Amino acid sequence: MFTILFVVALVAMIATRLWLASRQIRHVASHRNAVPDGFRDTISLQAHQRAADYTVSLTRLAMLELGVGGALLVALTLLGGLQWLDTLLSGWLGRGYAGQIALVAAVAAIMGLVDLPFDYARHFVIEARFGFNRMSRKLFFADLVKGTLLGALFGLPLLFVVLWLMQQAGAMWWIWAWLVWVAFSVGVLILYPSVIAPLFNKFEPLTDVSLRERIESLMHRCGFAAKGLFVMDGSRRSAHGNAYFTGFGAAKRIVFFDTLLSRLDGSEIEAVLAHELGHFKHRHVLKRMIITFALSFALLALLGWLAQRPWFYTGLGVTPSMTGSNNALALILFFLVMPVFLFFVTPLTSLSSRKHEFEADAFAATQARAQDLISALVKLYQDNASTLTPDPVYCAFYYSHPPAAQRIERLLARARA
């Protein structure tokens with residue numbers, strides 16, 4: 001029965017994603033030759049067509065990636081790939097912690113190797129074709145090695161602790177595992193700005209005195225304290241521009257991509273930062289953390305229950321051991337199949353995120369000029385080749401940010417008020 005449920009959910013998920021992607025491609029392509037009314041004075045037809053072509057190319061690659069990912073999932077589960085790996089590795093290393101960790105690492109490595117060609121194509125085919133990629137192949141693979149080593153450095157000890165709790169902490173192990181996960185997540189947030197991020201990018205203090213004074217004045221008005229204002233060498237990898245907050249508690253930093261500073265003027269940068277401060281003022285980050293931790297609590301409780309059900313394993317093509325531990329198998333199967341079922345709540349999370357973006361825009365309009373934020377958004381949409389004409393259904397399902405027309409329409413209303 002569980003096999004049927006999984007197959008139905010997987011087919012429904014893949015079919016829905018392909019349908020949404022097809023809608024997006026058709027809609028964007030059908031509006032390719034006309035700039036939307038509200039943007040004709042600021043976006044050229046050439047830039048609009050470039051954004052349409054870029055969107056279509058990324059969407060087509062995502063469709064191919066979906067097909068390959070779906071095939072890999074079926075191969076690992078229903079076609080016996082995970083069972084074969086488990087038999088092989090347990091024969092070499094036993095069913096103790098070494099064998100279980102090796103099984104998880106092997107599945108992660110397989111999935112990473114399957115994803116690698118798509119990441120490569122995204123950077124060196126699509127991003128390069130549209131003039132965004134500035135990353136060398138040497139840097140691409142250096143990042144890959146660093147990311148893999150960091151994943152092992154942080155992930156393997158965490159995995160060992162979770163497996164140990166599953167084995168030693170009784171039926172309620174998942175509560176202790178959740179507490180470990182929360183502590184781990186907060187620890188990474190604290191370490192990321194000063195330890196992890198500098199391994200990949202250079203961060204220099206913001207040296208523009210007038211811009212610094214403008215930003216510090218804005219932060220003071222908003223009651224926001226940060227440990228520093230930094231410029232990141234984003235241009236080393238991409239022409240895309242961005243700004244973001246990073247860190248947690250007293251370790252918060254404000255980071256600007258150098259590409260953003262080179263494109264926007266002082267008032268526009270202030271407006272973009274005011275938007276980001278709107279997220280802080282409305283406690284969006286804290287709310288998302290609470291929701292994430294609550295969801296992880298529920299999912300770990302579900303895993304704790306499923307791990308004791310033989311049909312969970314057999315329904316996904318695995319025969320659980322009658323003498324050794326099945327904890328690693330339970331973890332792998334759970335994290336392989338849960339995205340299939342959770343996919344159908346995507347519209348709810350996207351809707352919540354768009355609501356937060358509107359709230360941050362509204363806050364920014366009270367702390368900076370709405371027209372400056374509009375001007376900045378138009379430049380960013382143009383520079384990042386973001387389509388101005390997404391399919392409404394695709395947008396409702398996936399978009400974490402409202403479409404450009406909706407954001408600017410609301411900001412213009414505030415500017416006129």
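**Close-ups of a predicted helical chain**

UniProt lists residues 24–202 as "domain: CAAX prenyl protease 1 N-terminal", in an unreviewed entry; UniProt positions follow the numbering used here, feature names are shortened, and annotations may be inferred rather than shown by experiment. This is a predicted model, where local features need pLDDT of at least 70 and side-chain atom pairs count only at pLDDT 80 or more, while totals for chains, interfaces and linings use all residues. Residues are numbered from 1 along each chain as its sequence is written, and side-chain values use heavy atoms, with hydrogens and water left out.

View 1. Helices (H or I, at least four residues) and strands (E, at least two) are DSSP runs, numbered from the N terminus.

**View 2. H1 meets H2.** The axes of H1 and helix H2 (residues 45–76) come within 9 Å and cross at roughly 165°. Axes are lines fitted to C-alpha atoms, for helices over the stretch in contact, and angles run from 0 to 180 degrees between N-to-C directions. H1 and H2 are therefore roughly antiparallel to each other (under 35 degrees counts as roughly parallel, over 145 as roughly antiparallel, 65 to 115 as roughly perpendicular and the rest as oblique). H1 passes H2 in a left-handed crossing: the near helix is turned anticlockwise from the far one by less than a right angle, whereas clockwise would be right-handed. Look for Phe6, Leu10 and Met13, among the H1 residues that meet H2 residues including Ala52, Thr55 and Val56; contact means heavy atoms within 4.5 Å. The contact of H1 with H2 has 14 nonpolar, five polar and two charged residues (Ala, Val, Leu, Ile, Met, Phe, Trp, Tyr, Cys and Pro count as nonpolar, Asp, Glu, Lys and Arg as charged, and the others, Gly among them, as polar).

**View 3. H3 against H4.** Helix H3 (residues 81–93) packs on helix H4 (residues 97–129) at an angle of about 140°, with their axes 9 Å apart. That makes H3 oblique to H4, and their crossing is right-handed. Among the contact residues are Leu82, Leu85 and Asp86 of H3 and Ala98, Gly99 and Ala102 of H4. By class, the contact of H3 with H4 has 10 nonpolar, one polar and one charged residues.

**View 4. H5 beside H6.** Helix H5 (residues 137–168) and helix H6 (residues 173–196) pack at about 165°, their axes 10 Å apart. That makes H5 roughly antiparallel to H6, with a right-handed crossing. The contact includes Phe154 of H5 and Trp173, Trp176 and Trp181 of H6. Its residues divide into 15 nonpolar, no polar and no charged.

**View 5. Around Ala239.** Ala239 sits in the loop between strand E2 (229–232) and E3. Ala239 and Arg134 are 105 residues apart in sequence, yet 6.9 Å apart in space, C-alpha to C-alpha. Not counting residues up to four places away in sequence, Ala239 touches Gly131, Phe132, Arg134 and Thr259.
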